[in-house]
Amino acid sequence: MRTAREKIIARNLAVALLAGVWSRDAMLRRVETALGKTTRKSQKRLVEEICSRINGATPPSLATLRGIVATAPSFERAAGPLLKNSAPLRMNVRPPRFAPIQPIAGLTLPQLATPGDIAYWLELPIEQLDWFTDERRLQGSTGIQDLQHYTYAFRAKAHGPPRLIEAPKPRLKTMQRRILGSILDQVPPHDAAHGFIQGRSCRSGAELHVGADVVVCLDIADFFLTTPLGRVHALFRNLGFPYAAARVMTRLCSTVAPESVFDRLPAEHRHPRGALRAYCEPHLPQGAPTSPALANLVAWRLDVRLTGLARTYGARYTRYADDLTFSGDAALGAKANSLIEAAGVVVEDEGYTVNDRKTKIMTPSCRQQVTGIVVNTHLNVARDSFDVLKAILHNCIRNGLDAENRSGRPDFRAHLEGRVGWVESINPSRGGKLRAMLNKIG
């Protein structure tokens, strides 16, 4: 049981440690400033003991760190002179500082050290920031749409219950876009990531696998939904945001879905209890501008590990959102199942789950597809996809756009423009034929 004096010293040390860069040398300098130089050896051991109890480069909360300091074996020796001195102690209330970790210290980011700084940066009164962060997660328990920060829609999937699209309302979307443009877009993603990144695409990822003897594809189930929010918070901490500020940023980019939303679904399309629970707990919403970038950056360690795994198998690796692709020469064929098993272990260790139903091993004797693009000998569009789009365009020429808009899209021509443009980007010759047909539609 620590005395009141020991508790104050431990708290003051925790405040000092959190007030700057989280590295051993910088931490030791701050401890020395707080405790003096007479116990420097014990202070060094104290810093080592603190770091050994904290996983990774991200500092914990003030309360957690205070407990770690107070229970460290070297604490009493390091703080000896202050413990023996009877002079009154002052509570250290040094304000938190924006302090990114060294590898990304050169990024140009807004230096927001407190929730108040974030509110000012977002041009919000602090009480409105509290409303948007939904600290108590109250919107997850209300069915009143005016009290919710998101609108909800379901999108059918090829298998299983439909996917819930959670789109932020205009004010929250504006905030998220600012976080995306001023913060997340400034952080370089891993080279293996190709989804939702400027200058990269499904085409750039597929190109790396053209002409391979063996292509292996895996899929992460519910990628956004299962991205660990603890790592989202750690990402903001690494970028320099102190604990409370990182917590605000994480909550602005995450949500809890009201269970009442799922009552709109017919009984035969309802989600199983496990999936429903995941939606009704804090998660990255599919539909928020920030979710793709956050999911990519949080998956950095996954990409590092899978890139290393691919190298040991003599293979290449890319990731497009939740699609993981490995490719290599004929020798990879004999080891493909081993690679799939090893990759699955890494994926699960990083907090995700492989959707086994979508795992594929593709050789040149079959159609090798990566993110919907054929890569056997050159980039190409799958023949059946081309034929379907060609038939739709042909029918639109004969019957008009409205007659063929069976899914009720608000701007069906723009939808067709996008599909034709995608084909043009992969196979200009085929795309040109479709473009000519599109131009004939009145």
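1. A nonpolar patch here joins nonpolar side chains (Val, Leu, Ile, Met, Phe, Trp, Tyr) within 5 Å, each residue having over 30% relative accessible area and no salt bridge. This predicted model shows such a patch on its surface, formed by Trp-131, Ile-144 and Leu-147. Together the three have about 290 Å² of accessible area.

2. Where does Leu-147 lie? Leu-147 is in the loop between helix H8 (126–133) and strand E1 (150–155).

3. E3 is mostly covered: six of its six residues are buried. In a regular strand, side chains alternate between the two faces of the sheet. Both faces of E3 are covered. Val-214, Val-216 and Leu-218 are buried on one side. Val-215, Cys-217 and Asp-219 are buried on the other.

4. Which strands pair with E3? One is E5 (residues 323–328), antiparallel to E3 over six bridges. Val-214 stands opposite Gly-328 of E5. Another is E6 (residues 360–362), which also runs antiparallel to E3 and is joined to E3 by three bridges. There, Val-216 has Ile-361 as its bridge partner.

5. Now the cysteines. A disulfide is a covalent bond between the sulfur atoms of two cysteines. How many disulfides does the model hold? With a cut-off of 2.5 Å between cysteine sulfur atoms, the count comes to zero. Cys-217 is in no disulfide, because the nearest cysteine sulfur, that of Cys-366, is 10 Å away and the rule asks for sulfur atoms within 2.5 Å.

6. Is Cys-217 buried or exposed? Cys-217 counts as buried because its relative accessibility is 12%, and buried means under 20%. Cys-253 is at 0% relative accessibility, so Cys-253 counts as buried too.

7. Last, Ala-34. Its place is in helix H2 (residues 24–35). Ala-34 has 36% relative accessibility and therefore counts as partly exposed. What does Ala-34 touch, leaving aside residues up to four places away in sequence? Ala-34 touches Leu-13 and Leu-82. Asn-12 is 22 residues from Ala-34 along the chain, and the C-alpha atoms of the two are separated by 7.9 Å.

Methods. Residues are numbered from 1 along each chain as its sequence is written. This is a predicted model: local features need pLDDT of at least 70, side-chain atom pairs count only at pLDDT 80 or more; totals for chains, interfaces and linings use all residues. Side-chain values use heavy atoms; hydrogens and water are left out. Buried means under 20% relative accessible area, exposed over 50%, partly exposed in between (1.4 Å probe, protein chains only). Helices (H or I, at least four residues) and strands (E, at least two) are DSSP runs, numbered from the N terminus. Two strands pair if DSSP finds at least two bridges between them. Contact means heavy atoms within 4.5 Å. Patches are made of residues with over 30% relative accessible area and no salt bridge: like charges are joined within 9 Å, nonpolar side chains (Val, Leu, Ile, Met, Phe, Trp, Tyr) within 5 Å. Accessible areas come from the Shrake-Rupley method with a 1.4 Å probe; for residues, only the protein chains shown count as cover. A salt bridge is a side-chain nitrogen of Lys or Arg within 4 Å of a carboxyl oxygen of Asp or Glu.
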